[in-house]
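Please look over the model below before reading on. My notes follow as numbered points.

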Amino acid sequence: NPGRGKELALSQYQSGVNVIFHASGSTGLGVFEAARSTGKLAIGVDADQYAEAPGFILTSMVKGVDQAVYDAIARVKGGTFGGGILQLGLKEQGVD
C-alpha cells in the first residue's frame, strides 16, 4: 500500500527521522515518495532501488536470491543437500 507507506513515512520524517529503511514491498514506493517530498533519505530493500528516487535513496540491501538458488542446486547435484536452515550472509554473497 504505497499511500499508507507515504503517510507513515511523512509522519516519521516530520517527527525528526532522517533516514527510513523500509522492508515493505511496494509500500516502500510511498516511502520513496515521502523522501522526495521532504528532502530526506530512504534505504531500499531486495534490489538496488536507487532508480526509484535518485538522490533520495542512500543505499539498498540487496538479496542474493540468485546465489541462494545456485547454492541449493549445487548441493542437490553434489549430493550434499540436506534441508533445514541455511543462512547466507555477506561472506556467502546472500546479501549485498
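**Notes on the model**

1. Start with L29. Setting aside neighbours within four places in sequence, L29 is in contact with P2 and E52. Contact here means heavy atoms within 4.5 Å. L29 lies in helix 2. Helices (H or I, at least four residues) and strands (E, at least two) are DSSP runs, numbered from the N terminus. L29 counts as partly exposed because its relative accessibility is 37%. The classes are buried under 20% relative accessible area, exposed over 50%, and partly exposed in between (1.4 Å probe, protein chains only). L29 and V19 are 10 residues apart in sequence, and their C-alpha atoms are 14 Å apart in space.

2. A word on the source. This is a predicted model, in which local features need pLDDT of at least 70, side-chain atom pairs count only at pLDDT 80 or more, and totals for chains, interfaces and linings use all residues. Residues are numbered from 1 along each chain as its sequence is written, and side-chain values use heavy atoms, with hydrogens and water left out.

3. Which residues make up the largest nonpolar core? The 10 residues are A9, Y13, I20, V31, F32, A34, A35, A42, A53 and I57. Helix 1 (2-14) and helix 2 (28-38) are the elements that give two or more residues to this core. Helix 2 supplies the largest share, 4 residues. A nonpolar core is a set of buried Ala, Val, Leu, Ile, Met, Phe, Trp, Tyr and Cys residues joined through side-chain atoms within 4.5 Å. In soluble globular proteins, nonpolar side chains tend to be buried together.

4. Take I20 from that core. Apart from neighbours within four places in sequence, I20 is in contact with A9, Q12, Y13, V31, L41, A42 and I43.

5. How many salt bridges does the structure hold? There are 4. A salt bridge is a side-chain nitrogen of Lys or Arg within 4 Å of a carboxyl oxygen of Asp or Glu.

6. An α-helix has 3.6 residues a turn, so residues three or four places apart point the same way. R4 counts as partly exposed because its relative accessibility is 40%. E7 is also partly exposed, with a relative accessible area of 48%.

7. K6 is partly exposed at 26% relative accessibility. E33 is partly exposed too, with a relative accessible area of 38%.

8. K63 is partly exposed at 43% relative accessibility. D46 is partly exposed, with a relative accessible area of 35%.

9. Check the backbone at D46. Its phi is near 80 degrees, a positive value in a residue other than glycine. Q93 likewise has a positive phi, about 65 degrees, although it is not a glycine. Q93 is in the segment after helix 3. Q93 counts as exposed because its relative accessibility is 52%.

10. G79 follows helix 3 and has a positive phi, near 75 degrees.

11. Last, the surface. V65, V69 and I73 form a nonpolar patch there, with about 260 Å² of accessible area together. Patches are made of residues with over 30% relative accessible area and no salt bridge; like charges are joined within 9 Å, and nonpolar side chains (Val, Leu, Ile, Met, Phe, Trp, Tyr) within 5 Å. Accessible areas come from the Shrake-Rupley method with a 1.4 Å probe, and for residues only the protein chains shown count as cover. I73 is in helix 3. I73 counts as partly exposed because its relative accessibility is 48%.
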